[in-house]
Amino acid sequence: MSLIHALVARGSTILAEHQAGSRDFSQATQTILSKIPPNNSKLTYVWEQYLFHYVSDGGFTYLVMADDAAGRRMPFTFLAELQQKFTSAPSASSSSISDPPAYSLQGSFGPVIAQLMTQYNTNPPTDELSRAQTELAQVKDIMVQNVEQILSRGERIELLVDKTDTMASQATAFRRGARTVRRSMWWKNTRILALSIVVALVLLWVMAAQFCGAGLNHCGA
């Protein structure tokens with residue numbers, strides 16, 4: 001099975017899709033859809049042994065997941081025909097609104113995707129492949145990105161946020177501790193100063209008592 005999962009989306013909202021395999025790739029497809037820029041583009045994402053090919057045109061995204069052995073020519077040919085069928089379908093006009101409901105075209109266009117995937121998995125048309133080869137010759141440097149790198153980058157960002165929160169909490173605790181230490185040192189210094197004054201007064205009294213007596217009577221006389 002060369003083509004495994006195909007869909008049509010507007011932005012990150014899936015309008016219709018068909019999945020030939022039993023494995024769930026919804027997390028990977030949603031991650032890719034969220035990374036697709038709004039401008040027209042063609043791109044291939046690599047994830048494990050699978051390739052996610054997409055064409056973004058006019059605000060719509062046509063995406064197909066295929067085995068690595070399928071290459072790129074046949075999947076992009078499939079996407080070109082999928083785009084042609086979608087734009088010529090009567091339901092395409094109803095999906096041109098800026099915020100269409102998710103899977104709003106699943107009932108009307110989902111079977112079209114399934115039929116087209118079956119056709120390309122069993123007997124892909126050679127004339128369409130030749131036409132797609134000519135079109136793809138005009139596309140230079142199709143970028144290949146790794147979905148796992150995107151996901152791991154998100155995990156690193158979350159880890160950085162966690163570390164930032166931890167550092168902020170530690171800084172708050174440090175400020176509180178520093179305030180407590182300053183207050184403690186102020187009281188300690190105040191007690192030392194008061195004790196020094198008392199000691200100085202006692203020493204002064206002792207020195208005066210040596211000349212004037214304990215009651216300071218001689219000096220008064």
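The protein contains six helices and six strands, where helices (H or I, at least four residues) and strands (E, at least two) are DSSP runs numbered from the N terminus, and along the sequence they follow the pattern β-β-α-β-β-β-α-α-α-β-α-α. This is a predicted model, in which local features need pLDDT of at least 70 and side-chain atom pairs count only at pLDDT 80 or more, while totals for chains, interfaces and linings use all residues. Residues are numbered from 1 along each chain as its sequence is written, and side-chain values use heavy atoms, with hydrogens and water left out.

**Helix pair**
- The axes of helix H2 (residues 73-88) and helix H3 (residues 106-122), which are lines fitted to C-alpha atoms over the stretch in contact, come within 11 Å and cross at roughly 150 degrees.
- H2 and H3 are therefore roughly antiparallel to each other, a term that applies to angles over 145 degrees.

**Burial**
- Of the 221 residues in the protein, 33% are buried, meaning under 20% relative accessible area with a 1.4 Å probe and protein chains only.
- Leu63, in strand E5 (residues 60-67), is buried, with a relative accessible area of 1%.
- The C-alpha atoms of Leu63 and Leu43 are separated by 9.6 Å, and these residues are 20 apart along the chain.

**Surface**
- Leu201 lies in helix H5 (residues 147-212) and is exposed (over 50% relative accessible area), its value being 53%.

Key:
Axes are lines fitted to C-alpha atoms, for helices over the stretch in contact, and angles run from 0 to 180 degrees between N-to-C directions. Angles under 35 degrees count as roughly parallel, over 145 as roughly antiparallel, 65 to 115 as roughly perpendicular and the rest as oblique.
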